[in-house]
Structure formats: structure tokens, C-alpha cells
There are 2 protein chains.
Amino acid sequence: MIYFSGDFLKYIYFFEEGSKEQKNLLGGKGSNLAEMTNLGLPVPKGFIISTQACLNFFKEKGFPKGLEEELNSSLKKLEEKTGKKFNSENPLLVSVRSGARVSMPGMMDTVLNLGLNKKTIKAMTEKTKNKRFVLDSYRRFIQMFSNVVLNLEHDKFEEILKKEKESVKAEFDSDLTPESLQKIIEEYKKLIEKETKKPFPENPKEQLLLSVKAVFNSWNNKRAATYRKLNKIPDDWGTGVIIQEMVFGNLGNNSATGVCFTRNPSDGEKKLYGEFLINAQGEDVVAGIRTPKKIAELEKAMPVVFKEFVVVCEKLEQHYKEMQDLEFTVEEGKFFILQTRTGKRTAQSAVRIAVEMQKGNLISKETALLRINPLDLNQLLHKRIDPSQKLNAVAKGLNASPGAASGKVFFDADTAEKQSEAGPVILVRHETSPDDIHGMHASKGILTSRGGSTSHAAVVARGMGTPCVAGCEELKINYKEKIAEVNGKTIKEGDFISLDGGTGEVFLEEVKLIEPEPDKFFSQILEWSDVIRKLKVRTNADTPKDAVKARELGAEGIGLCRTEHMFFAPERLPIVQKMILSDSTEERKKHLEKLEEMQREDFEGILEVMKGLPVTIRLIDPPLHEFLPLREKLIEEVSELKSSGKESELKEKQVLLNKVNELHESNPMLGFRGCRLGILYPEIIEMQSKAIAEATKNLKKKGIDAKPEIMIPLVGIAQELVFSRKTVESVLKEIKETEIPIGTMIELPRAALTAEEIAGYADFFSFGTNDLTQTTFGFSRDDVEGKFLNKYLEKKILPISPFVSLDTSGVGRLMQIAVSEGRKAKPKLKLGICGEHGGDPESIYFCNSLGLDYVSCSPFRVPIARLSAAQAEIKENKK
Amino acid sequence: MIYFSGDFLKYIYFFEEGSKEQKNLLGGKGSNLAEMTNLGLPVPKGFIISTQACLNFFKEKGFPKGLEEELNSSLKKLEEKTGKKFNSENPLLVSVRSGARVSMPGMMDTVLNLGLNKKTIKAMTEKTKNKRFVLDSYRRFIQMFSNVVLNLEHDKFEEILKKEKESVKAEFDSDLTPESLQKIIEEYKKLIEKETKKPFPENPKEQLLLSVKAVFNSWNNKRAATYRKLNKIPDDWGTGVIIQEMVFGNLGNNSATGVCFTRNPSDGEKKLYGEFLINAQGEDVVAGIRTPKKIAELEKAMPVVFKEFVVVCEKLEQHYKEMQDLEFTVEEGKFFILQTRTGKRTAQSAVRIAVEMQKGNLISKETALLRINPLDLNQLLHKRIDPSQKLNAVAKGLNASPGAASGKVFFDADTAEKQSEAGPVILVRHETSPDDIHGMHASKGILTSRGGSTSHAAVVARGMGTPCVAGCEELKINYKEKIAEVNGKTIKEGDFISLDGGTGEVFLEEVKLIEPEPDKFFSQILEWSDVIRKLKVRTNADTPKDAVKARELGAEGIGLCRTEHMFFAPERLPIVQKMILSDSTEERKKHLEKLEEMQREDFEGILEVMKGLPVTIRLIDPPLHEFLPLREKLIEEVSELKSSGKESELKEKQVLLNKVNELHESNPMLGFRGCRLGILYPEIIEMQSKAIAEATKNLKKKGIDAKPEIMIPLVGIAQELVFSRKTVESVLKEIKETEIPIGTMIELPRAALTAEEIAGYADFFSFGTNDLTQTTFGFSRDDVEGKFLNKYLEKKILPISPFVSLDTSGVGRLMQIAVSEGRKAKPKLKLGICGEHGGDPESIYFCNSLGLDYVSCSPFRVPIARLSAAQAEIKENKK
């Protein structure tokens, strides 16, 4: 903070005094104007009232001490610099604009053409010989000022304007004659005097003071406050105010105005991309009254200006080392640049620009990598909705699996599968179950009305790379009538709908999709990432198909292979159910033998695909009742059968219901699952271990380098691991495959808290951060995601869902304890993460800082993780 | 360890060489014999082979090096001391007994009368002039030796004995003539030679060596191994072997044998308590052939001996400073003491003995307090089963609420209530619900077939002080037929059963109960405890009745008052349900207004009872669906109504089912409950805060010192507390009761991990260790207690249920983090525990070491907690 004459803060900075680093004090727009001025670029002269002045304005409920004096002296200085003067024959006209730390487009207020009054209108008219231009400028000034400063309704002014246009049959504003404009101005002034009981201010200084106050206050207008809330911008930043000499692009055919990107923001090509209008002001470009011309045509229209323009663009890129989005005006052949900022761009463009800027020696490889938001890579891997369409979502669910899809709706898997031959289909269900797999495979997208991001639909869809919107509670499905209602609208079977799995949006129409376009630039980024990163990237995959895809995308192993998904296949489920319903260990073993053969084949398939790379296979995890029919459904069926008289069927169902009741749990998440199953029924994990060991043996015989690792889930007590390990080891010994590492998941708080003891019996730890987040927060994901998590985000109780990005202070602290105490017990302990956070950039940064060995994520997240891991390492090295 | 001549371990210790501190080396019995010998008490001479010899015997699979030589020389020394000799005219007879570190009564083997053979029989007969005695001693020796050393079946010997008794028409062994005994001895020897192909050993040294080996080996017999497993005695302790000169209480009418406690083990009175038999051996007392006489009669029968005996008892108590349980023998007028040990006693007796020993200056107050197992106080507070009855439990459930009950079985609350007027009743249900409260109140005991220690039945019963056995899964109840089956037996309505809520046992008969008898000694112990302890003791109470009871038992406040239990009252539940089913905030507020009045009255009642003491009131905690009918039941009803044609009823139920479905959660423990409710529906906690504040105001007007504290449950994120606190504070401000402290429960891992931040917004923390244990372990208590926790205890995966005693390494570590970081943020933060661990002695020790301010437990646990808190402090000071 700079103090002025000992007592006062310095509040005002001329462009020459600032730089682009001073965004906090001068705002984004202001600091860039300062930067450009110092670069020697043709920026209209001006100064900035700092954000600190704004904050003090709020604190002191009025202009802070010294500001008005400073403003007066700055104005004098500006008059000297421009050679123009307020309220003179050579009048100074200025714009008054807001400029906060980050761009908040259109949220706050602007006053243009300030300084016009009777006297200066006359002078300007003489100077420009263009009465219409001057009067129109004045009209705009009054209208803006009335709206921004005097808080008068815009509509009343528009009405006056409209009336006059109608009476003289003018189509556009520009068709109005000076006489009409004069009339309008009179009307405006009458209206103002009537509403404010005061005449419109003639004195430019008064105009200026009032405008500055109004811009300060616009920081707290409703629009701006809402925007900040939505974009998580703190309320206590405040805005700067930029006071700058006006330049006019509408002074004739040697004047112009335009906007331009220094590279193509859509595909990234290094070529100026923008448009301009001859004899126009900025707002005319936006208003779309005349069609602007492509920037390339400026060369022909104003060759000298164009030359200068190209040089400026090059200079800006060289200086900012970033693609710029700039605004310019040509006033009577003189080129001015009014604004520059980093240009927004598509994912594809971002990747290409980063690579080409590195090749052009503008930036380092590290900077190139940091320029790309890893999550944007999703756009290059999945279909997306063509953004040129104007679409209204009819509902929003959870963004459960990325990508967009469009197709005909079907409410059951069989029909969906059948109809998929005729064209793209979308499967719509309350929730999906393993019975729906064939329909899910056949569908382009999946939409469910219940269930969270870990529901069956979500997990399976992510694995398949199929777009999915889950838990869309606004959707009321009626299976019997094959319709769904959503916010008053009806979807019938066969209707077209579209989904965006990246946003969770649902549309009641067919939409145009864009195919994913990974290109050489994409590959280059990943190549660089692989050189830099230390974290290995594995994948979560349960099938050879997923494994193939993941390997293609760069996975260096499987971090989580869930064996139970294999149990759900239609030909296996009955055997699994018989196994569960067995009354004796002998009977159970008999059914397990059949399953063993199948599991061995599964493992051979996956291990073969992943040859040479580690494959972590997790032993059975879910509670057994998940393999049996739903309790609610059985109760209903039994109840119905009772009145039907079908005795034998009733008896059979009743037996099944009894078993399901026996297995029923109030909180299955915290019940009889994970390693607890294998401790009470060792024969189940014996079967699985045997299948793994024999698969390995068989492949090795064929010369294939199979590298399985066995993972025991849900350990919370060291003795659980001791017990399970003993069971597994005795099988491995029998099959003579004793080299297979045995480790555990760390997915319960107690596992993390006692990691030192547990590490004594584990060859590796894999953080199961999904469950760890659930137990640490006491959040059942399926329950909280639909019910109150969104409200928590709205109310800022949480900054982001802890299921999306690792909660470092709670869950992360447990991980940190487990890492440091686990490694204390066993310095070479291999550490990884296999929760979904393994594919989230922020979480990957955290895992890197913890010193994990690898992250594991779903196949389509592998590229994202590769880039994030590199970014993590670059950030780590910068610290 | 003592080494002998540099090379060998010293394995053998004469009684004179040992002391009572050497239990590990010499075993319990041996070290006490040593101690008594050194006290100058008349102990028959002997020595001990150490437990180390036993362990080395196992290691070296035979007598360890040097042991045999040491045994020979020790024998020689014993011969010198006694003036008797093996295999001589003045023969030495010895007993060979086992003696481990702790007493394992009857588990290992003993050989008496060792040293008898042809030669010594003759000598003994001449010496005692009692051929029958000598031959009977020899017969017993052969029988014991054959069983213990030669592993021959006991039955075969008994058969020979029985045959002879029948042939001579002898009723008792003692009726047998020397001739018969001689015949039996011949038969025994023939049997032995036939079975072992060797004659019975004549050489006493051989007899001795074989017996010592057999005693060593008996450490590993099946009986002993099972006993150790049950009693958690390590397998690697080994046993000592005691070789001691025989003395005989059966040498005539100036001989006797007996057992005696130095005080009454049943009520604690300071008076010798025991019995003896003239002319008998120890086993005759146990065998119950003759009725032993009360010890007081010994004075008359043997006045000189009795005098010596009283002196010995006094000496023992003075020396051991503990009540002793001793065995003695009088051989021809000479008094010998054979064994002494700390006497087992009832809870009542323990309390009296501790107090009287302190008053008698034998022990300090601290020692007196440490002498009492706090849990034993349960026996003084609840009815218990008269231990004189021989009972067989038909089943065992969870010991959910202590005390015993006997009464007629009824399967529904209404009948139970009605029948309770006629006599004691026991309510038997699958599980209870708030609808059953009246029946539970009317019952002497409650038995459920489902649910854990936190089930409705268990929680309510503990609050009421009613005995309860919960989750007795062997019990199959058929409500329709009003019967229950349990392990093949049938219980009909109106049948008598009995429960022991302290052990979980169920009996199919009426049993005699003992009324609880807290007396002046009990009060004395608690008085001393109160002086010593630092931890305050509060209670968990939801009703004025519970509060009265708890205050009577010494509670210093309420640590947990659950407001939602008040919602379950029959006249309130419908209002609560309407509130939940409301479609708008307005409608909800309307119903809440009615509830507010009721809650205010509740709070006034409790706060008045507890005047002057703090009352922590927890705002609403359970998920809302707990107040609505069961989902399964509704599904069934809707399904039945569908076929009934009752359209309007069906519609109504369907609406209810839809709401229940909407509120349904997969894991309600981790769902929409606790502070989450008040964040989404602030009007609920506003109502509760208002009721608390107004109750306080009303009481204060009447001059009653109401001290409520408001507790926000299930906080895991500091912002949740900020939000809830703001809601509560705004109400308190409105009512002008802003002094009420606002705190939070720490019952989620994340709350503990971020305690420093949370403490910033909390006036106090109360550890909710029930939920904290559930989330830290990932154990849903209702699910794991019935399903696998017992298996975990059996397999020693856990040493004790973490719901009974705090898991210090996991849950305790989280508490420790919360305590130290919470106090770091706020040094005066008040800290308590209100989970059920607040009434568990071990957990209270831990809480004391953490530096908590108070523990809170159910009313009947308050005395236990007071004593435990004092013990904790004593132990802490000893460190």
C-alpha cells in the first residue's frame, strides 16, 4: 500500500504507473491498460482509481479522505497529457468504467462520452463537423448516466427514442437526424427533471464525481453480487474505476472498431481471428445491426492501420506469452487499443496453442502443460454437444459419466437393445441393475432418476465410456405406461432426448454432437507429461475390454480390478445365489468350484491384456445381499402370492425372502462386507485366490508376464489382514505362486489411524478414498448426493463435493497419517489411490505431494491423470 | 533367572526360598506356600519345580538338562528336613500338584500319597496302627497315578471298586475292610499290567519322576487348553510343580480337614466362614458324603487347634491385607495350612470388606477403591438371580440392560400391560418400537430376537433400568400363534421365563431373584470416590423420571438429553408425522408450533429436576423416516390393498409410501440426519431452541436455576456448526436468553480431525463415541453385533467389542487429536463424553487420562462411573 504525503493513501494511478502484476489493486482491465501503455502501445490516456479506494468508499460510506483532491489533480494531469480540457473549446471527453480483479463481463456499470454539455457539444460539432455524431453521443451519455448514476429506468428512455423513431419512420438509431436527436435530448432532460427534481448536470466535474460513485456502488448491485456468488468471487475485492480519454470509431470511413483474438480460439491455429466495423462504435459490433467483417479484410480496408495492428498483436503475444483477446478502435486513421486480455478458448485450441507456443519458444514445456485444464481433455475424448445450438435443459441430474448423447428413449434394456439396431437409443431407468447390462451396452447414453455417482449406472457407464446422467430426481418414470414426466413435460417411448454427461443436463430434443478429436498436439502434451511426472497412472478396470482401452490411453497397470462385477453376469448370478443360500460350508464350496473356473478365465483375460504391468485384484467386497433380489420387491411378490393361492411358488419366494431378511442390514455400507466376508467364509476368498494363482500359472506357461497383486478390502483392524493374508497365502503356497504381493485398501478411518501396525502385514496400501470419504464425513454417497450435498454447496458449507475432489483437511489428513506411519513401519511400502479421486486433478496434486507411487482412475480419465500428475510435479518443484 | 553352577538354570526352589511376589516363576499356589513358610506358618515341608522347567520341558521334549539331578538333591534335602525317607521304615509320602501363575481349579492333575509301596505300606501300618487307612491311601494313589501318569481310564478302576462294594454290600468306600481293599489293589495292579504291559512301579523315585512329567504334560491337556482360551490365559506361561510332604486329616478323631474364608464371602462380615470334617481327607469335604460342620464348631471340637487357627487367619489377613480363602488339615492334633489365596466374593461383600479393611487400617482408601470392580456395583443396583439355584440357560442374547427378571411371557405391549396387574410379565418382541412404550413400562423384563445394544429396546430399557436381553437370534417368534420356539422348545403366551440382562441368558422357568442392596458401605465407597475423582459424572436422561433417578444416584448434570424421544409419545407422533409430510415451510411451521409447546413443557420438567446443574440438550438427530411407518410394512399393506379394491385407503397409503420412499436411505446412519436436518429445515431447530429458551425463562421467573446447554449433533464441517449456531443464536437473542452455551458433538472422524477449526465456534465438545466408533471402524452397530462381532471376538481379531470399551488406538486417537487441537484453539473448551463408553470403567480411565471434564452415562451407571473415575485418578497418580 502506498501512502501519499504521510497521511493519505495513494488512490489513483496513471496508466504509466501500473503494470499487469497489479490486478488486485488496479483491477484486471486497468492493470492491462497500464501494461500496454508501458509497452508503448497506442492506448488512449487515462488513470485508474484503485480497488482500495472502492473498499474505503464502502467503509467510510462515501468518498474516502483525500480521494476527491487526488481525482481533481489527476484530471488536471490528464488534461495536460491530452492537451484537452473539461468544459473547454477543445473538450476532453472520458469514459468511466469498472474493472475488478477478474473480469465480470456486463455485471457492472460504464458511462461513456462523459464531459459533454452545451458548451462542449458546440465545440465538438465544430471540430468534427458532424452534428449528428455529437448529438447522438450526447444522447447516449444522458441515457447511460441516467441509468447508471440517477437510477432511472432504461425503458422510459427507450420509449422516448422509439416514439421519435416511429414518428419520423427511422429504422435504426443511425437514421435519426440531428433535429430528431435534439428533440429526444430535450425529452430526456424533461423526464430527468421530473423524476429527480433536478436538472441534468452540466458541469463535467460533477458528472465525473457522480459517475465514479455510481461505479463504486455497482460492485454491490444485485447482478454483480449474484455473479460473484455463482463464480465464488469474494465480496471484499471491490472494483477499480478507469477514467480514460474517449476515442471514436464512428467519426467517418477512416474510423473503425473491432475485436480480435491473436489465434483461432476454436481450433488454435496461429492466425488472427476477429471482426470489425467501419465507422462504428463498440456497441454497434455487439448489437449486430450491421454484419461485421472478418479481420483479414482490414488489410484491404486500412492497409497502414492493419500493418500496425499485426505488429501490436505480435508484440502483445510476445509480451504476455499468451493468446490475447483485444478490442481496438481506429479514430480517423489513428489506431488505438482499448483492452487486452487472455483469450478464452476451446479445449482443442488450448492444447494446440500450448504446444505451438512451446515450439515457437514463447513458453517452456512446463508452462505449456500448466496452461491446460486437465478436465478439458474430456472434450477431446468424448462426444460433446455442438455449442452453436441454443438449448434449454429440461432437467439436471448428476454428471455421472462424461460425454454427450442423443437418441430415442427406451425404458427397458431389452427394447433398448433391439431398437439400437435402428438408430441411437438412450436407456432411461429408475436405476440400473446387472440385468440391464446388455441394454446399457447398446445405448448411446444412460439416464436414471435415482442413485448417485457411485450407483450401478454411473460406475458401469464410466467404465464403458458411455455418457450418463444419474439421479435426475425431477424425472418421474412410469414403466407400465412407458412414459416419463419431467417438469410438466411428457417423454414417450421412442421420443428423442439428449444428455450431457459432463454437466448433467437433459434436453427434450435431438442435438448436434461433435466427435472427439484427439490429435498430434494432444499426444504431444501427454508425451511431455510422461517425461515430467513421477506418479504412475493406473486404471480401474474389470474387463479385458476396459483394460485394452485403458492401455491404449496410457495406463501403466490396473489399480483396481473389482472381482464381484464378474459375479453379476447372467450365467453366473444363479450360481452365486446358490452359493449364498447354501446351508453348509460343503454346499457352498461346491458352488464356489464352478465360480472358480469362470473367475480364472476372467483373470487370464485381464492379465494377458495387461502383460508386463501390475494388476491389483480386489477380493470380494460388497455385502452378499447385493447378489440377491431386492427385499422390497420380494415383500411385494410374497404379499401378492398370498392372495393368489399359488402355494409352492409362495413357499419358494418365502424361503428366499427369509434369507434376504436374514442378510438385510440397516446400513450395508458399514455391515457384513469387505474382508469381513472372507473371515467368516474363508472358502470364498480361497476360491478367488486360487483362480488368480492358477490364471497366473497358466499364462506364465505360455510365456506371458502376468503380474497380479491381491488386495484385501475394508481392513480396519490389523488382525483382519493377518487372518485374510493367512488364508490367501496358504492357497498361493499350494499353487506355488508365492510371489504375488498381498496388500490392503485403506478405506476406513481406523485403517489410516493404525497404518503403522497394518503396514507390518501389507505389501502395499491402496487408498479407497470413496469409502474413506464416506466414513470420515459420515456421508453415505448414495443418500447425500441427491438429498443435501447440493444445498451444502449452495450455502458454501462445502466449497466442492468431497467425492469430486479430495477433502484434504479431513480425509487427506488421514491419508497423510497413513502414508507417514505406514512408511515408518515399512519404508518401501508401495502406495496408491484407487478411489475416483485418482482421476481428479486437484486430488492428484495432493497425492503427488503425499508422495504416493501411483493413482488409478477409470480408463477415460487416464490422459487427464497423466497431465495432472505432470502439473503436480511442476507445481511441487516451484514451491 | 537364576543360574546354577554357571551352566544350568536353577529349577527348584524350597518353600523357604520363595515369596508371594514370584507367581510367574513358582506359580500362584507355590509362591503362597513359600510366603506362608517364611511367615512361620505351619506348612508341610516341600519345594517347587519352576514354570521355567515346565517350559524347557516342552522345548527340549523331555526333562531339561540338570533337572533330574536337582530333583534328586532336593529330595534328599526334603528327607533331611522331614526326618523321613523314601522307601524306608519311616517313609516319606508326598503330594505332586500343579500350580500355574493363576488358579485354574481342577484343570490340571494331582497325585497324592506318592511313595507308597509294599515296604512303606508295612511301615506306615505299623506307625499308624491303621491298616484300612494305609491300604485305602494306596488304593487312591494307584488310581490317581494310573489316571494321571499312565493315562488309563478312570471308569475301569471305578468298576472294580464298585464290584467289590456290591459283593460285600458296602455303601461307602469307608465301609470297605482292609481285606476288600487288598483285593481291589490286586485287581488294580492286574488291570495295569494288562493295559501297560508293565507292573505298577514300586520305586518311589520312579513314581515321582513319572508324576512330575505327567503334571508338566497336563498343562497341555484339552481341559486346561480350553480353560485358558476361555479365560484368555497365555499358552506360554507353563505350570509349576509342587512336591510336598503328605499330611493326613483322616488318621482318627484328632485329625480333621477343612476350608475357610477369613470373612464372609457373601455379605463381607468379619467372621470366619467355612467348614470342616473330623477324620477326613480333603476330597471327602468336596464329595459331600458326610455333612461338614460349620467352622465355629471347631472351637468346641479342637479348642487348642482352633486357637492356633484363629491366630493364623488373623496373621494371613494382616500379611496379605486381603480376605483369604484357605485349606487346612489337622493331623493327630497338629494343625497344618495347605493353601491360601485371595478369596472370591460377591459384589456386596467386596464393598464391605474394602470399607472395613480401610477402617481397620489394613489398607488405604485408594486401595479400598481399587479393590472393587466397578461393574460389580451393578449387582447392588439391580435385582439378580439367586446364585444358589442350578439353572440352565436355553439361549443367550446380548446383555442389553442389566438386572434379572422373571415373569409371564406376552408377545404384545397391550396384553403385557393388562396382564402386569396380575403379576410380573416379560415382554417378548422381534424388536420394540415407540408404540410399545406402555408395555415396556409395565414389564419386569424385555426380550427381543433382533437388534443390537443400541436398538430401541436396549436404549429404552437401560433408561428405565429394566433388564433386557436383545437380539436373541435363536428365538423364533410367531406373533399370530402367540408362541416362540427356542432351540427346540416352545414358549407359549403366559409361560414363565427369566432373563439375566447382565449376561444375556434366558431361562425357561421362574427363578428366585435377590433384591438389590445398596448399603452404608456402598455409600462410603462412593463418598470416597467423589473426593478423589476429578472427572465429573453426568447422566444421559430424556425424562424427568430418569433425571430424578440419576440425581439420586449422584449425577452432576445431564450430558445428553435426546429431544427426539419426546417426539415418539403417542399424542405427538401424528403431529410430528404431519410436520414431516408438509409440502411447504409454512405448513411445517404450523405443526412445529404445536410441538414447541409440548417440548417447552418437557424441558421445564427436566430442567427443574436438575436445577443448579447443567443439562445438555441435543437438537433433533435421527433421520426423519424414523418417525414414519416402516417401509416394508407399507409395501406389504399397499400390495394387499391393491387386491382389496379399497381405493381411498389404497390412495392414502400410497401417498405415505411415496413419502417414505422419498425419505428412504441406503445407509441412514450416514444420511440426512443430525445437524443436516436443521440446515435444510432451520424451522425445526428454531422451534427446539425456542422451547429451550422459553422453558429457561419460565423457570427463572419462578426462581429456579435452569442451566441448559444446546448441543448440535453430527457436525463434521465447521461451517455446519457456524450455520446451526447462527440459527440457534438468533432465537436465543429473540427470547433474550443469550447465556445458554452452544456446543457440538464430536462423533464423526472429520469432526475430530478438524477440531481446531470447529472449536472456534463451540462452547463445548461432547464425544459421541457410539457413532464415532461406528464410523471409525465402518461398523454399523445394529448390523455387526448380531452378525460377525462375536466371531471377531472368538477369533481374537478384537480383544473386546469397541462398543463396550473404547478402542484407544483408533477411536481414542481421534479423541486425543480433538482434545489437544480443540484446547489449542480454545484452552477453556469444556470436554465430555456422552457415548455409552461413559459408563465403562476402562473407557473412563482413558477419558481421565485425556483430561476430559466429565463423562455421561445412563442413570444406573452413575455409581459405576463415580467409582471408575476415582480409580482412574488413583491409577493416574501411580504412574
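## Where the chains meet

In this predicted model, B:Glu821 reaches across to A:Arg813 in a salt bridge, with their closest N and O atoms 2.6 Å apart. The count of salt bridges between chain A and chain B is six.

As for the interface itself, each side puts in its share: 56 residues come from chain A and 56 residues from chain B. Together the two chains bury about 4900 Å², with 59% of that on carbon and sulfur atoms.

## Chain A at a glance

Chain A carries 36 helices and 33 strands. Its C-alpha trace spans about 105 × 65 × 55 Å along the principal axes. Of the 879 residues in chain A, 58% are buried. Take the contacts in chain A between residues at least 6 apart in sequence, and 68% of them join residues at least 24 apart.

## The barrel

Look for the closed barrel of eight strands in chain A: β26-β27-β28-β29-β30-β31-β32-β33, with parallel pairing. On average, neighbouring strands in this sheet are turned by 30° against each other, direction ignored. Strand β26 (residues 536–540) of chain A runs parallel to β27 (residues 558–562) of chain A, and two bridges join them. Here A:Thr539 sits opposite A:Ile558.

Helix α36 (residues 862–878) of chain A lies across β26 and β33 (854–857) of chain A, at about 155° to β26(A).

## Strand β27 in chain B

How many residues of strand β27 (residues 558–562) of chain B are buried? Five of the five are, so this strand is largely enclosed by the rest of the structure.

It has parallel partners: two bridges join β27(B) to strand β26 (residues 536–540) of chain B, and three bridges join β27(B) to strand β28 (residues 614–618) of chain B.

## The nonpolar core

The largest nonpolar core has 271 residues, and the members touching the most others are A:Phe779, A:Met815, A:Leu852, B:Phe779, B:Met815 and B:Leu852.

What does A:Met815 touch, leaving aside its neighbours within four places in sequence? The list is A:Phe767, A:Thr769, A:Leu772, A:Leu806, A:Ile833, A:Phe846, A:Cys847, A:Leu850 and A:Leu852.

## Salt bridges, buried and exposed

Over all chains the structure holds 105 salt bridges. One of them pairs A:Arg140 with A:Asp136, their closest N and O atoms 3.1 Å apart. These two are four residues apart in helix α6 (residues 131–148) of chain A, so about one helical turn separates them. A:Arg140 counts as buried because its relative accessibility is 12%, under the 20% limit. A:Asp136 is buried as well, with a relative accessible area of 5%.

B:Glu552 and B:Lys549 also form a salt bridge, at 3.5 Å between the closest N and O atoms. Both lie in helix α20 (residues 544–552) of chain B, three residues apart, about one turn of the helix. B:Glu552 is exposed at 57% relative accessible area, while B:Lys549 is partly exposed at 28%.

Then there's a salt-bridge network linking A:Asp530, A:Arg533, A:Lys536, A:Glu556 and A:Arg866. Within it, the side chains of A:Asp530 and A:Arg533 meet at 2.9 Å, N to O. A:Asp530 is partly exposed, at 30% relative accessible area, whereas A:Arg533 counts as buried at 11%.

Methods. Residues are numbered from 1 along each chain as its sequence is written. Chains are lettered from A and ligands numbered from 1 in the order in which they are written. This is a predicted model: local features need pLDDT of at least 70, side-chain atom pairs count only at pLDDT 80 or more; totals for chains, interfaces and linings use all residues. Side-chain values use heavy atoms; hydrogens and water are left out. A nonpolar core is a set of buried Ala, Val, Leu, Ile, Met, Phe, Trp, Tyr and Cys residues joined through side-chain atoms within 4.5 Å. Buried means under 20% relative accessible area, exposed over 50%, partly exposed in between (1.4 Å probe, protein chains only). Contact means heavy atoms within 4.5 Å. Two strands pair if DSSP finds at least two bridges between them. Axes are lines fitted to C-alpha atoms, for helices over the stretch in contact, and angles run from 0 to 180 degrees between N-to-C directions. Buried area is the accessible area (1.4 Å probe) that two parts lose on being put together, summed over both. A salt bridge is a side-chain nitrogen of Lys or Arg within 4 Å of a carboxyl oxygen of Asp or Glu.
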